[in-house]
Amino acid sequence: MSTKKLKLANGLSVLLIEDHKAPVVSVQMWVNTGSADETRGEEGISHFIEHLVFKGTEKYGVGEIASSVEAAGGELNAYTSFDQTVFYVTISKQFADVGLDVIGEMMGFPRFDAGEIDNEREVVLEEIKRSNDSPGREVSRLLFSTVYKKHPYGIPVIGYDRIIRKVSRKTLLNYYTSRYVPDNMLLVVAGDFSAKAMAAQVKSVFGRLKKFKVRKVKRPREAKQTRPRLAVKKGKVEETNFHIAWRVPGASHKDVAALDVLALILGQGDSSRLSRKLRMEKPLMNSIGASTFTPKDFGIFTVSGSLNAENLEEAFGAMSGVLGTILSEPPTAEELRKAVTNFEGEEFYAMETVDGLARKAGSLQTLMGDHQYFKKFLKQVQSLKPEDILRVARAYLNPESLSLVMTTPRNEKAVAGSLRRWVKGFGELHAGAKRTRSKSVRRIALPKTKWSVGSAPKGDAELERVRLAGGATVLFRPSFATPIVNAKAAFLGGLRIEEPGKIGLTELLSRVWTSGTRDLSEAQLQERIENMAGGLGAFGGRNSAGLSLQTLAPFEVDALRLFGAVLTEPVIDAAVVEREKKMMLEALRSREDSPGQVVSQMYIEQIFKGHPYERDMYGDRAAIESFTVDDVKAHWRRMSRAGNLTLVVTGAVRRDRWLKAIETASGMLPAGGPLKTSFAHQGPPRDVWAFREMDREQSHIIVGWKGLTLSDERRYALQILQSILAGQGGRLFVELRDKASLAYTVSPMRMEGIDTGYFGAYIGCSPEKGGKAIAMMREEFRKLMEAPVAATELDRAKRYLIGRHDIDLQRSSAIGSGLLFNEIYGIDAEETFRFAEKLSTVTPGHVLELAKELFSKPTVVCAVGRKRPW
């Protein structure tokens with residue numbers, strides 16, 4: 001990997017990162033302007049402009065930017081933050097010129113058509129409504145408006161609806177021409193190219209951008225916070241969400257490294273202090289974590305979580321204990337070692353994709369002025385001592401700069417009173433901790449991890465399939481571009497084999513499978529895997545259950561031993577089962593806060609009525625409360641037989657080492673072949689219209705039909721049908737969002753299962769638009785039944801799918817997932833690499849025939865919202 005910097009005559013800074021791991025290129029434009037650079041009356045226009053530059057340029061009409069990129073198999077999008085606005089295209093290297101061209105047009109020659117401004121105005125207003133329906137977004141807005149009273153970080157990036165409704169074309173254009181200026185932009189191109197040739201292309205495309213004077217923005221200064229702040233809001237929620245924040249310096253401060261390590265030790269990963277105390281030892285919180293937000297200006301150190309309001313006092317009391325300890329004594333040397341390993345590993349995980357490379361470089365260059373700053377940051381982390389972590393904890397986690405915000409279903413006054421007492425207690429705790437003389441920590445030299453993969457073979461090996469003596473199947477697909485190791489194993493079974501009255505066991509098993517081995521407790525297992533900068537987790541679905549491992553090459557030997565032990569000899573702890581039962585009940589309850597999840601479950605129940613797929617993965621309250629540890633063990637034993645096991649190992653792996661370990665582990669399993677089951681499903685006999693009232697700003701609607709199975713060869717035609725409707729250049733987006741401005745989110749959806757599947761579309765829109773949205777979605781499906789798609793549209797759909805597929809396969813974990821699920825469901829695993837070949841055989845006639853068959857079946861329409869949309 002090599003880098004090259006350029007500065008064009010118009011002032012545009014360019015960073016080229018040449019990397020040949022995959023035939024993919026990422027083109028990213030980082031504009032050094034964000035919502036914090038807006039003045040009064042402009043709130044939200046950075047984000048609005050982000051939308052508008054997609055709506056036509058001198059060269060491209062409305063929708064043509066997305067169509068051009070997607071026809072070349074690429075993906076494009078953008079996002080706005082407080083400090084930057086970023087536009088990006090990820091695309092095959094053979095179409096890199098397309099990515100460069102569209103980004104160049106969007107940055108230099110947008111039309112800002114008055115009609116399109118009004119159309120997109122409606123879309124942004126829908127996005128604001130969607131945000132208002134999100135409990136997570138609501139508590140986040142409350143946090144930033146509480147911490148930042150004068151500074152523009154206190155204003156939502158998306159802005160306010162009153163501004164978006166009225167902002168004029170002139171205001172938008174003035175902001176654009178004064179901030180979207182070459183001198184104020186950074187172009188990052190990363191991927192498989194020659195830097196010399198790419199530099200010439202960049203100059204040709206972006207040298208045309210006009211040089212304007214950058215409008216200087218002076219952001220208001222925030223006064224020093226001298227006392228705690230508290231904000232409680234009663235909401236239409238089931239779950240209580242909170243943030244506790246302390247003011248910390250911005251990204252360039254010397255204490256940021258220590259603060260990042262403090263956050264990792266305190267609340268990142270299952271072995272972190274907060275998670276262990278408040279989630280693992282006793283389920284007082286549904287989620288808990290710690291993080292740092294260190295932007296251009298001053299930031300915040302945050303402890304965030306969600307919980308049942310009934311646990312508020314006990315949970316916050318336990319949290320005080322954890323915070324008191326981190327304020328009283330330094331972390332252990334082992335905790336510091338884990339933090340260093342995880343930060344070192346972060347660099348390799350970011351390197352796995354070209355968009356990851358570009359994103360990291362762009363962020364560091366715009367924020368720190370150095371795209372390689374992470375190396376300096378890593379040296380700072382490696383030089384830290386335990387006493388440094390204690391110092392920043394005491395200095396920054398002080399009561400004067402504390403802000404506590406909460407959204408809750410409980411009475412605001414009662415909750416506020418409880419929180420004031422907690423804040424007062426924290427102040428006393430902090431004062432006492434500062435008077436405490438900390439214990440000295442045994443100094444240990446942090447060992448340097450050897451990150452290379454040693455004498456790894458050059459290039460990538462072919463796929464290899466091994467059938468073990470006991471009947472298990474193992475697939476190997478090594479790749480040594482990065483030192484990342486992935487393993488995935490699955491048993492057939494899952495939801496479809498659950499017995500009546502025991503629905504939800506697969507979900508429960510996925511939560512407790514990693515609760516220990518014969519030699520390690522749950523806490524010890526979590527500590528071991530996180531010390532490897534890795535992750536080990538279980539999954540459960542409608543058709544299977546299994547384990548996933550990701551780690552780095554230096555830890556391969558220890559990781560595979562843990563993986564084998566958990567896979568075939570788990571020790572499922574009864575106390576962990578009881579804890580996770582409570583968490584499942586909480587998940588069922590808090591799902592009511594997400595209308596999108598509610599309508600999805602309604603749809604599943606209607607479309608799959610009479611088939612096991614209709615079941616809720618979480619079961620119901622009665623079933624969950626009845627589960628015992630013996631039920632979970634029995635469910636695991638029913639699936640875990642040698643002939644029912646498939647494993648896939650990808651990445652920087654040593655094949656012989658893994659094969660020996662897997663042979664030993666699978667030998668512990670009883671004999672038996674694949675757990676194959678079959679259930680008939682005819683689909684709904686007539687149209688179904690289901691509605692549930694929920695008091696939300698948006699209605700959430702699904703329109704769908706019975707789909708195909710995993711073994712149906714027409715599934716490739718179905719993917720093309722989905723692609724015709726999907727993406728920013730797809731029919732649903734163009735007709736319902738670009739033209740009709742009905743929604744921010746509208747997309748097709750599909751699922752293929754062993755016995756049956758579904759196909760349909762989802763939209764979230766204002767209640768008064770619901771009826772029109774349903775009619776327009778059905779009209780788009782009707783059109784697909786009446787006429788063959790044009791050859792150009794079919795070609796766009798195919799290229800879009802192939803491009804997305806190839807982009808996804810940059811990650812060895814994605815390759816592993818594709819191989820695994822093809823293999824266990826009876827599909828040739830090699831189809832993962834023959835995707836383009838399979839799509840190439842699909843004709844317009846195939847798509848038309850399939851559309852006629854699917855969309856002539858009974859329709860299922862499900863909706864949640866304030867009023868019935870029909």
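Reply: In the hairpin of S1 and S2, where five residues stand between the strands, glycine 11 has a positive phi near 105 degrees. Strands (E, at least two residues) and helices (H or I, at least four) are DSSP runs numbered from the N terminus. The model is predicted, so local features are used at pLDDT of at least 70 and side-chain atom pairs at pLDDT 80 or more, while totals for chains, interfaces and linings use all residues. Residues are numbered from 1 along each chain as its sequence is written, and side-chain values use heavy atoms, with hydrogens and water left out.

Me: In which sense do strand S1 and strand S2 pair, and over how many bridges?

Reply: Strands of a sheet pair through backbone hydrogen bonds, and the pairing may be parallel or antiparallel. Two strands count as paired if DSSP finds at least two bridges between them. Strand S1 (residues 2–7) and strand S2 (residues 13–18) are antiparallel and share six bridges, with leucine 6 standing opposite valine 14 in S2.

Me: What is the order of the strands in the open sheet of six strands?

Reply: The order is S1-S2-S6-S3-S5-S4, and the pairing is mixed. S1 and strand S4 (75–80) are the edge strands, each of them pairing on one side only. On average, neighbouring strands of this sheet are turned by 15 degrees against each other, direction ignored. Such angles run from 0 to 180 degrees between N-to-C directions, and axes are lines fitted to C-alpha atoms, for helices over the stretch in contact. S4 is joined to strand S5 (residues 85–92) by six bridges, and these two run antiparallel; tyrosine 79 has valine 86 in S5 as its bridge partner.

Me: Which strands does H1 lie across, and which strands does H13 touch?

Reply: H1 lies across S4 and S5, and runs at about 165 degrees to S4. H13 packs on the sheet and touches S1, S2, strand S3 (24–31), S4, S5 and strand S6 (185–191), its direction making about 25 degrees with that of S3. Contact here means heavy atoms within 4.5 Å.

Me: At what angle do the axes of helix H1 and helix H7 cross?

Reply: Two packed helices are described by the angle between their axes and the distance between the axes. The axes of helix H1 (residues 45–52) and helix H7 (residues 169–179) cross at roughly 90 degrees and come within 10 Å. H1 contributes Ile45, Ser46, Phe48, Ile49 and Leu52 to the contact, and H7 contributes Thr171, Leu172, Tyr175 and Tyr176. By class, the residues of this contact are seven nonpolar, two polar and no charged. Ala, Val, Leu, Ile, Met, Phe, Trp, Tyr, Cys and Pro count as nonpolar, Asp, Glu, Lys and Arg as charged, and the others, Gly among them, as polar.

Me: Which strands stand at the edges of the open sheet of five strands?

Reply: This sheet has the order S18-S22-S19-S21-S20, with mixed pairing. Strand S18 (688–693) and strand S20 (743–752) are at the edges with a single partner strand each, so one side of each has no neighbour in the sheet. Strand S19 (residues 699–706) and strand S22 (residues 860–865) run antiparallel and are joined by five bridges, among which valine 703 has valine 861 in S22 as its partner. Helix H25 (residues 715–725) packs on this sheet, where it touches S20 and strand S21 (757–765), and its direction makes about 180 degrees with that of S20.

Me: How many cavities of 30 Å³ or more are there, and which residues line the largest cavity?

Reply: Rolling a probe the size of a water molecule over the atoms shows where empty space is left. On a 1 Å grid over the protein atoms alone, a cavity is a set of points where a 1.4 Å probe fits but cannot get out, and lining residues have an atom within 4 Å of a point. Grid points are joined across faces, edges and corners, and a volume is the space filled by probe spheres set on the points. The count is two cavities of 30 Å³ or more, and the largest cavity holds about 70 Å³ of space. Its lining includes Leu560, Phe563, Trp658 and Ile662. Helix H19 (556–568), strand S17 (645–651) and helix H24 (655–666) are the elements that give two or more residues to this lining. The lining of the largest cavity has nine nonpolar, three polar and no charged residues.

Me: What lines the second largest cavity?

Reply: The second largest cavity, with about 30 Å³ of space, is lined by Leu52, Lys55, Phe112, Asp113, Glu116 and Ile117. These residues divide into three nonpolar, no polar and three charged.

Definitions and conventions:
On a 1 Å grid over the protein atoms alone, a cavity is a set of points where a 1.4 Å probe fits but cannot get out, and a pocket is an open set with protein on both sides within 12 Å along at least five of seven lines; lining residues have an atom within 4 Å of a point.
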